[in-house]
Amino acid sequence: MFDRKKARKIRHLRIRKKIVGSKARPRLSIFKSNTSLYAQIIDDNKGQTMIGLSSLTFKDLKSKKNITAATKLGSEIAKLAKTKKIKEVVFDRGGNLYHGKIKAFADAARENGLEF
C-alpha cells in the first residue's frame, strides 16, 4: 500500500542531501501541516533560523492553508528577507511536489525580490 507521508519523507531526505544553506545563500524551507503553512530562512552552517513566519500570523485570512495564504506568506517572507539584506536563497520544498500551494509560495517570493 502506498503511504503518502512516507513518500514525502523519502523525497525530503533525498533533497536535503543536496541542499545546504550558508550565510551568503541561506535555505528557504517550507512546511505544510494540516492547518497551516510555515516558512523559514535558515543558515545551516550555524544551525540558526534567520527568519521564521507562518500563515497563522495573518489574522485576515479565512483559511490558513490555501493558495491565497501561500501567496501572502511568500510575499511577506520575501519582504522580511529584503530587510535583512538577503537576496539569494536555496529553495527547499520539504519533499512536497512543486505545484499548487508550493508553486504559489515560490512565485510570490520570486515576484517580491528573492532569487532562487
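Which helix gives the most to the lining of the largest pocket? Helix H1 does, with six residues.

This is a predicted model, in which local features need pLDDT of at least 70, side-chain atom pairs count only at pLDDT 80 or more, and totals for chains, interfaces and linings use all residues. Residues are numbered from 1 along each chain as its sequence is written, and side-chain values use heavy atoms, with hydrogens and water left out.

**View A. The largest pocket and its lining.** About 610 Å³ of space lies in this pocket. Among the 20 residues that line the pocket, Arg4, Lys5, Arg8, Lys32 and Asn96 are the closest to its centre. Helix H1 (4–16), strand S1 and helix H3 each supply at least two lining residues. Here a pocket is an open set of points on a 1 Å grid over the protein atoms alone, where a 1.4 Å probe fits and protein lies on both sides within 12 Å along at least five of seven lines; lining residues have an atom within 4 Å of a point. Points are joined across faces, edges and corners, and the volume is the space filled by probe spheres set on them. Helices (H or I, at least four residues) and strands (E, at least two) are DSSP runs, numbered from the N terminus.

View B. Let us follow the strands in order. S1 and S2 pair in the antiparallel sense over six bridges, where pairing calls for at least two DSSP bridges between two strands. A hairpin of four residues joins S1 to S2, and Leu28 has Ile41 in S2 as its bridge partner. S2 also pairs with S3 in the antiparallel sense, over six bridges, and Tyr38 stands opposite Ser54 in S3. In the hairpin of S2 and S3, with four residues between the strands, Gly47 takes a positive phi near 70°. S2 is mostly covered, with five of its seven residues buried; buried means under 20% relative accessible area, exposed over 50%, and partly exposed in between (1.4 Å probe, protein chains only).

**View C. The largest nonpolar core.** This core has 24 residues, and those with the most contacts inside it are Leu28, Ile41, Leu73, Ile77, Phe91, Phe105 and Leu114. Two or more residues each come from strands S1 (27–32), S2 (37–43) and S3 (48–54) and from helices H2 (67–83) and H3 (101–111). H2 gives the largest share, six residues. A nonpolar core is a set of buried Ala, Val, Leu, Ile, Met, Phe, Trp, Tyr and Cys residues joined through side-chain atoms within 4.5 Å.

View D. Four aromatic pairs are found in a search of the whole structure. Rings of Phe, Tyr and Trp (its six-membered ring) pair if their centres lie within 6.5 Å; planes under 30 degrees apart count as stacked, over 60 as edge-to-face and the rest as tilted. The rings of Phe91 and Phe105 have centres 6.1 Å apart and planes at 25°, so this pair is stacked. Phe91 lies in strand S4 (residues 90–92) and Phe105 in helix H3, so the pair ties together parts 14 residues apart in sequence. Phe91 and Phe116 are also stacked, at 5.0 Å centre to centre and 25° between the planes. Ring pairs link Phe91, Tyr98, Phe105 and Phe116 into a cluster.
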